[in-house]
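Hi everyone, thanks for coming. Please have a look at the picture on the screen, and then I'll walk you through a few parts of it.

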Amino acid sequence: MSYKMHEQKSTRLYLFLFLIFSLFLSSYFGENSSGGSKLDNQITRNFIDNFNLGFVNGFKYFVNSDQVQSPLFYILISFLEKFLNPITIKCLYIFLSSLIPLVFYSALKKKFKKIDRNYLFIFSLIIFLSPYFRSSVSWITTDNFALLFFILSINKYLNVKKTCSIKDAHLCLLFLVIATYTRQYYIIFFLFYLVKFFSIFNTRKIILILLNFIILITPI
């Protein structure tokens, strides 16, 4: 590895770590630049508190609230709160959210192979500047959790285009389903994947993919 390449990687690492540090500051000061994340957190908190009282109690509260999205995120946070303190959960969510630009960068490298990776990396870091991304980190809302799995889904889809791997196709849909369990509007991308998969796989594999998707999505 040349000195120049080593220097570039070091610069990218320092920049990435600095932006992660900025998320810790946002969380500490309660950044709400999106305008609605603080309120979303208060609504989310009610669901989590009820699931902390027991699964049945939480599920009854969820059903009576007429929520359109699934309770996956609330169940997950209530489970973590049994073992971790609030500060640890905040730190965990910051690191989880920080994976979003990295996965996005991975997808960009696969899609735009001829473009300088330094440019792609800088472009991926724009996510850190999004008010919705930063506010979701500060108030632990569902947005970043769903976005992470949606981008993971896209990343696997790009693998499918290259390798025609049915394993990657199943993972692509699994990640999409998790994103959909958190934010239901992501389900629309299944139609896009389905159309693309018809041009990649034979009928038998399409049937397997559809069965797998139906099994995963049924609880929604």
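This is a predicted model: local features need pLDDT of at least 70, side-chain atom pairs count only at pLDDT 80 or more; totals for chains, interfaces and linings use all residues.

H9 itself runs over residues 166-182, which makes 17 residues. From first C-alpha to last it reaches 25 Å, close to the 24 Å expected at 1.5 Å a residue.

Why do we call H9 largely enclosed by the rest of the structure? Because 12 of its 17 residues are buried. Among them are Asp168, Cys172, Phe175, Ile178 and Tyr181. Now look at the start of H9: a side-chain oxygen of serine 165 comes to within 3.3 Å of the backbone nitrogen of lysine 167.

Next, please find serine 34, in the loop between helix H1 (3-29) and helix H2 (37-52). Which side chain does the side chain of serine 34 make a polar contact with? The partner is serine 37, at 2.9 Å. Leaving out residues up to four places away in sequence, serine 34 touches Pro131, Tyr132 and Ser135.

That takes us into H2, where Ser37 is one of the buried residues. Others in H2 include Thr44, Phe47 and Asn50. Their cover includes helix H3 (55-64), H4 and helix H7 (131-139). H2 has 16 residues and spans 22 Å between its first and last C-alpha, close to the expected 22 Å. Finally, just after H2, glycine 54 takes a positive phi of about 140°.

Conventions. Residues are numbered from 1 along each chain as its sequence is written. Side-chain values use heavy atoms; hydrogens and water are left out. Helices (H or I, at least four residues) and strands (E, at least two) are DSSP runs, numbered from the N terminus. The expected span of a helix is 1.5 Å times one less than its number of residues. Buried means under 20% relative accessible area, exposed over 50%, partly exposed in between (1.4 Å probe, protein chains only). A polar contact is a pair of N or O atoms within 3.5 Å; within protein, one must be able to donate a hydrogen and the other to accept it, and residues adjacent in sequence count only if both atoms are side-chain atoms. Contact means heavy atoms within 4.5 Å.
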